[in-house]
Every structure is written in C-alpha cells, then in structure tokens.
Amino acid sequence: MRQLNWINQDVISTINMEKNDMEQVFDVADTLRPVAEGREKSRALEGKILGNLFYESSTRTRLSFESAMLRLGGGCTGFADPASSRAVTKGFEQKELLDDMIRVVEKYVDIIVIRSLHDGSAELSANYASVPVINAGDGRNEHPTQALLDLYTIRHEKKNIDGLKIVQLGCLNVSRSQRSFAFAVSKYDVDLVFLSPKKYAFGRDALNKIEKNLGHKPTVVTSSKALPTIADADVIRVTFGIQPINARTLQKAKNDLIVLHPLPRGPEVARDVDSTPHAVYFREVFNGLCTRMALLSLILGSVK
Amino acid sequence: MRQLNWINQDVISTINMEKNDMEQVFDVADTLRPVAEGREKSRALEGKILGNLFYESSTRTRLSFESAMLRLGGGCTGFADPASSRAVTKGFEQKELLDDMIRVVEKYVDIIVIRSLHDGSAELSANYASVPVINAGDGRNEHPTQALLDLYTIRHEKKNIDGLKIVQLGCLNVSRSQRSFAFAVSKYDVDLVFLSPKKYAFGRDALNKIEKNLGHKPTVVTSSKALPTIADADVIRVTFGIQPINARTLQKAKNDLIVLHPLPRGPEVARDVDSTPHAVYFREVFNGLCTRMALLSLILGSVK
Amino acid sequence: MRQLNWINQDVISTINMEKNDMEQVFDVADTLRPVAEGREKSRALEGKILGNLFYESSTRTRLSFESAMLRLGGGCTGFADPASSRAVTKGFEQKELLDDMIRVVEKYVDIIVIRSLHDGSAELSANYASVPVINAGDGRNEHPTQALLDLYTIRHEKKNIDGLKIVQLGCLNVSRSQRSFAFAVSKYDVDLVFLSPKKYAFGRDALNKIEKNLGHKPTVVTSSKALPTIADADVIRVTFGIQPINARTLQKAKNDLIVLHPLPRGPEVARDVDSTPHAVYFREVFNGLCTRMALLSLILGSVK
C-alpha cells in the first residue's frame, strides 16, 4: 500500500491522505504526548521557524501551532490578524498579491501555516512556496489539521476507528472542518451518517469523493433535529445548524458515545453536556496539539 | 509563620500573600538581576510556555512577562489584543465563554497571564484552569504583579520596607494597581497614608482589609492636592487624579523620597521630575522584569 | 580609513556609514547564508532579546528581523501594530511620549527595532535608549537596513558595486528607502542616475550629501518614463511613481540588468518581469534576512 513520505509535504486537503498516512501521524502523536504536556523537553525542531499567516483571526488553531513548535524547540513568526500586516491593509487578499506574499515569507521560515477567508488560498500558496504549506482553514473549503485531530481523538478514545458509526451534524456544506473530516474519516471502514438541514447537505461533488473513499454510500438525513440519528452512534461531530445537543438528548445515546466539536462552540452544544462522559471536545484541544506536533515533526524531518 | 509554596500557585490578588511570601519573591528577584540584564544566560524555563491572554491591550506588562520568560529560556504564545482572537470578535468576554477559552489555552501552555476589562475575570480563569493563572490586571480590581514590583523597588532602593512612611496618591478606588499595592504594603510595618479626591477614596471593604493587615488605621486624607501629605514621606505612589507632582513640589520633600508610578504616566507626574533623584519609575520597569522572572521561576518550579 | 566598530551601534541612517562598514556587514552576511537557509543551526544570540516597536504595520521588515533573531537563537517581543500597544491607543506618537516608551522597553530587550510614521522618531529613540536602536523606517525619512540589503544584493549578483551604472526610479523625495539607498550607494564609485517626476526629485539638501559622497554630481532626469534611463544601466531600483516597468520595456536593457524593488510592489513593476532574468526582488528578501542577521550579530557582539 502506498505510504506517504511526509517530509516536505503540504497539508492542503485530507482528500489525498490515505489511512496509512494518517495512522502514521497518530502513532507519532502518541509518542509526543509527554512533550506536549511539558513533562519532557525536546529540541527536535531547534533552529526551525514556523510562519503563521492568519488573514482570519484565530485563537485555537494559531496558538496550537505556536505551542506545537515551541514544545519541539522551534520558533514562530508571522501575523495574527490582517491588521498587523502592511500588505493586507493595502488590499491584500487578491490572488495576484498572495503569491508575492508567499514568495517573501518562504525566505524567512521553514514552514508556512495559512488561514484565509478565501477558498483555495492554501493551495495557491503551496503552488508558489518552496517550503511546505499547511492549510489552517481556507474559507469554507477545508481545515485538514482539524480533521486529523478529530480522528486522532476518536482513535485515542475508542482505540479503533474502523467499525464505528460516526454521525456528522450541522450545516455541513459550509463547514470546512466537516468537509475535511468527511474526506478523512471515509478512508476508514465506518458507518457514516450526515445530518443537516436540507439546504446545508454536502453537494454531489463532495458526496462522490466520500462514496469513492468509503466504497459505499453514506447515509444522508436532512433534518434540523439531531435526535433520530444519534441513538446508536459511537461518535457525533457537531457544528452549527442543528437543534442543540444537550444532556437530556444524550440520555438516549449509547453510554460510550463521544461528542466532537471544533470549538468555539455556539448554541449547538449545551453547557450541560460538559459534565457528561460524552464530552471530549476539550480533550480534543490537547490532542490537537499532539497531532500538530506530529505533523510538524514528520514534515520537517525530525521523525524518521 | 506560614510560608507559601509558590509552586503552581495562582497570582490573583495580593490579599492572600504574606510578607514572607513576598520577601521570597524579592530574594529570588535579586539573584536574577544579571540574567534580567542579559549579562548571564539561563535555561531555567526551557521547554516551558507562557500564554498571554490580553483582552485589554498593554505594552509594559505584556512585554515584561514575555521578556521574563525569554530571559529564562522559555517561550510565549497568546494574543496581544482582542482583535487577534477569533473568540473575542464573536463576543467573547462574557462569563460563559471565558471558561471555554481557559479550558482550551491551558492545553497549550504551562502558565496563563490574563488581562481583562472585567473585575474578577482572573479569578474565574483560575477556577477553570489546570495550570497557574497570573492576573495582569482585571478591570478596576487588582494588578498584583505591579504591586510586587513596587514593593521590590522600595526594598531595592531603601533596603527595608518596614518603618517607612508611604503615601498613595490619586483616584485610589478605581485604580487596580493602588488597591493591590495597599493590600500588599499593609502587610509591612509602615505608616500608610491615602490621599485622594473624596469621591475616589478607598471604600470601607478595602479599608477593613488594609486595617486588618496593618493592625492599625491608615491615615486617610481627601484632597486633590499632593502637598500636605508628602512633606515627611519616604515613598509616594502616584496615579491619576491629583494635582501634578513636579520638581517644585518635591523641593519640600525629604531628600531621599522616592516617587513610584506604574506608567504610562499622565499629567500627574511632570516631566521635570525625571531629572530629580526622586524619580525611580523608570528603574521600576527593570525591577518589574526581575520580579516577574522570580514569580515565573517560583511558580514553575525552577527555584527550590 | 575609519572602520566602524559595530558593537552597540545604532542604525538610524546610512549617511554615517562608510563603504568599509557596509562591506563588513556584507562579508558577515555571506558567512551566515547557511544559517539563514536553516541548513545550519546557530546559538550565537541565545539569551538575547529583540524588541519590535512597529507603530506602522509591516510584514516584510518585521518578519525579517524576527526570523533573523530566531535563526541566531535569540528571542523577540514587541508589538506588530499600534492597536496592540496600550500607549498608542492613548495617543502615543507624540514626542513627549516616545521617550517614555523607549525608557521602558530598553529594560526588557537588548536591541530595539522601531518603525514609525514620523520622520526622526528613530533618532529620537536612539537618544533615549541605553540599548542600540535600528530604524526600520521612520516616516518619509530613512530605511537604512533596506538600503543595506539592496547593496548586498547588488554585490551578491554582480560581485562588485564599484563601476556600475545604477538608476533610481520613482517618487524619490518621498521614499525613505530611495533616500537611504542614495546615501549608501553614493559611498561607492558608481555612475548614479535619479529619474523621477519633477515634483518628486531629491531636494537640494539630499543632493548635497550625495554629491559629497560621490565626489561628483549624479545625473538627474525628471520624467515619469523609465525608458530613456535604463538603456545602459546595470541596476535599476524602482519604487512607485513612474510608468510601469514591464518585460517589453526591459528588452531594451542590458542582458544582465538587475531590477531591485523593496516590495510590496505596486503597478510600477509589471508581473511579467518576474519571469525575466532581470527580476531579483524576491531574492532580495532572502538577502535581507542575511543582512539583518549580520547586523544583529555585529551590533550584539557575536561576531568579532
């Protein structure tokens, strides 16, 4: 089976990742947990620099990448929001200027992490960059590292991803993290269910890719109520657009159902879920750190 | 006498610090002066990460903490102003969301430093965080590390804090640094004077705590003129709200009076004071770096 | 010949740099190329801290300095735009407050890099700072490190600066980088041509300095068309204000003409120039990193 060599790879989409590739990231992530916790020191990426280009502001994702780099002994530069970048204030995010920006920043850093309001901007950046580019969210398109950390969380909590019933709930076709997750999880042998309001179901193009990955059709339910789909689910991945999940809703779920959410949460996950055993979304944050440390280590060549 | 074990302690208020605890910080600060000056290298906090959550922008305090961490070999992440944080732009600073933020950021860092517009937000953060939290100013409530650096400056300049006549001038009840300073300095055997416009005097609740600490009543003067109170003072701590202190005013003061100010200054300290021997407020900035290095070292366990 | 000792030197203007001084920077820059590329590690500036005070936002210059410091093992603090600084939001950039800011930040760092909207603010900062100050652009006055990286690029591409015909095109008298470049390049034995619209020619004061440096008069052409001046040029340095340079224009140029631009570019350099051998402006970015690493190394004393 094909095995991706992660060295110098861009991470733009999950569509081109095979199960093996992802499992490799998760294996490395497992080994890095003591470093992520600050209990062990690492200089694996000493002298390396990560450049954060956040055209859309972020807390979770940016801090997660910065912490990942710092835990491994590396350094960070970049901008946290458009206002800090001169180019942006001069009307940056047009295609013709992003390439100039990339051809500048690539000279300063070993890897670029970009978040942008525009679909496709990460891929465009990768086309111009001589260093690897990680997509930290491009418009409504993809957010591949979020998908990886979701899957890593499932593996960490459930030991195995294969064989599970996994439900994605919310306005799916406008959620970059739901799209990346669907492309990634469909590489596994899972029972996959999509629940969304009709208007927000995945389009034909995305479904075709997912079906091809799965080898069969996912179940598509259009409704704004979570209830009918979660009764026998092992995992639900929730984003905005459905009737809120709350502790009462979850009483009808399997005891070991886990609830994933990329955060920050809106009303779709009630706060009384936090104290149930189903809530893993805050543990996901730590898993995200481990996942990004693993990616950086693999891409920058500090893991063989 | 009770001796605080600083390891993993939150720093929310000065009210729960004993003289011994503070003196321990100052002793450590003394030993770190060559590292703070950049003359000696330290890797005491290598691999450790500080997370700056500045919901209110700052120069002095944020840079001071970052420099403290860097001088000790550690790293920093976080945000410098609300605009850089996605959560904030979605209406963050409500109680229900601060806890989510804390439960995210605690996964990335070893210690959190938070500045906020809202009284009590640092304490709330500490209640949720599994890592230590330092209050870098919460609304009009407290700014404990500023108080510690003020006291460290007095000790450094005067050798002893006990026995001094110390005057706090300005709009005291709306100043977080004046409140924290009063709670801290009243643990010493000092002659304490509060001068403020009547409307801005410390309230009964604060005065009760201060009296309990002192073991006697502080002198309370309500006036907007500094003059009557500084004649025999050893230390004056000035913030906004009184008639400006200037070189002429200080001619009537003791030769070795020192003037403290948290900066940035407004009109309350005239620029002609800078060239008098009374001005120590710029030296305070360096002392602040040493004080914060000491706190970080103690809390993160690199000092026994 | 006078040889500048770079240790602890401010970098405010190119006017006081001799050819020898600049060549020393370029020699050091040459040796640091493998470190700048991330192929070799360095801890030359471990424990040192650079403070970025960017009152005007920037991408290139700020990230370049941060990367330079990180590649050499040092750390960075500061602010990336005025909004992140408390002082600024309270009406900072008045002369009377900049000195206060400098007397604070100098306590936290080993070197200050300042960009400001106001002419002369870097020099003012240097007057107050006990640590070295680097001017990263002060209003329309100077941008000396940009000039140094331009010259280093010429030396790197052409081996020698002496003997070349060098043309500066654009609105020269309002361009800080053109002014700094003119002061610097005129220390070499070059044939120097200034082309600008009449209204934007260098003033008498600048011309006097340049003539004194050169030992003869530069050629001054007032026009908004680049064409007449580039036919036999070896180097053209382009900024806004002239008819765009494009691939067709350059067909009439010497084969080995190089085009310099400080970036970000406006319409003055058409995108079809990028694929010609004349375009060196993206390579300049990497040279800028090397130049700034050299400056930091020399000033902070890690190169003997």
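**Contacts between the chains**

Author: In this predicted model, 22 residues of chain A are in contact with 24 residues of chain B.

Reader: Which element gives the largest share of the side of chain A that touches chain B?

Author: Two helices of chain A, α2 (60–71) and α11 (281–299), each supply at least two residues of the side that touches chain B. The largest share amounts to six residues. The helix that provides this share is α2(A).

Reader: How many nonpolar, polar and charged residues has the side of chain A that touches chain B?

Author: The classes refer to the side of chain A that touches chain B, to which 22 residues of chain A belong. Divided by class, that side has 10 nonpolar, six polar and six charged residues.

Reader: What rotation superposes chain A on chain B?

Author: In general, two copies of a chain are related by a rotation about an axis and a shift along it. For chain A and chain B the shift along the axis is 0.0 Å, and the superposition has an RMSD of 0.0 Å. The two copies are thus related as by a three-fold rotation axis. The rotation is 120 degrees.

Reader: Why do the copies A and B meet through different surfaces, and what percentage shows it?

Author: One compares the interface residues of chain A with those of chain B.

Reader: Which element gives the most to the side of chain C that touches chain A?

Author: The contact joins 22 residues of chain C to 24 residues of chain A. On the side of chain C, α2 (60–71) and α11 (281–299) give two or more residues each. With six residues, the element that gives the most is α2(C).

**Chain A and its domains**

Reader: Why does the radius of gyration of chain A agree with that of a compact globule?

Author: Chain A has 11 helices and nine strands, and its C-alpha atoms fill a box of roughly 55 × 45 × 40 Å along the principal axes. With 304 residues, a compact globule would have a radius of gyration near 19 Å; the value for chain A agrees because it is 19 Å.

Reader: Which element gives the largest share of the side of domain 1 of chain A that touches domain 2 of chain A?

Author: Chain A is divided into domain 1 (19–143 + 286–299) and domain 2 (144–285), whose C-alpha centres lie 25 Å apart. The contact takes 20 residues from domain 1 and 23 residues from domain 2. On the side of domain 1, α1 (19–36), β4 (133–138) and α11 of chain A give two or more residues each. The largest share, six residues, comes from α11(A).

**Individual residues**

Reader: Is I161(A) buried or exposed?

Author: I161(A) is found in the loop between α6 (144–158) and β5 (165–169) of chain A. Beyond its neighbours within four places in sequence, I161(A) is in contact with L151(A), I154(A), R155(A), Y188(A) and V190(A). A residue is buried if 20 or more other C-beta atoms lie within 10 Å of its own. I161(A) has 23 such neighbours and therefore counts as buried.

Reader: Is R62(C) buried or exposed?

Author: R62(C) has its place in helix α2 of chain C. Residues up to four places away aside, R62(C) touches N52(C), F54(C) and A80(C). Because R62(C) has 26 C-beta neighbours inside 10 Å, this residue counts as buried.

Technical notes:
Residues numbered from 1 in each chain as written. Chains lettered and ligands numbered in written order. Predicted model: local features only at pLDDT ≥ 70, side-chain atom pairs only at ≥ 80, totals over all residues. Least-squares fit on C-alpha atoms with pLDDT ≥ 70 in both. Contact = placed C-beta atoms within 7 Å. Helix = DSSP H or I, 4+ residues; strand = E, 2+ residues; numbered from the N terminus. Rg over C-alpha atoms; globule rule 2.2 N^0.38 Å. Nonpolar A, V, L, I, M, F, W, Y, C, P; charged D, E, K, R; others polar. Domains from an automatic or database assignment. Buried ≥ 20, exposed ≤ 12 C-beta atoms within 10 Å, placed from the backbone.
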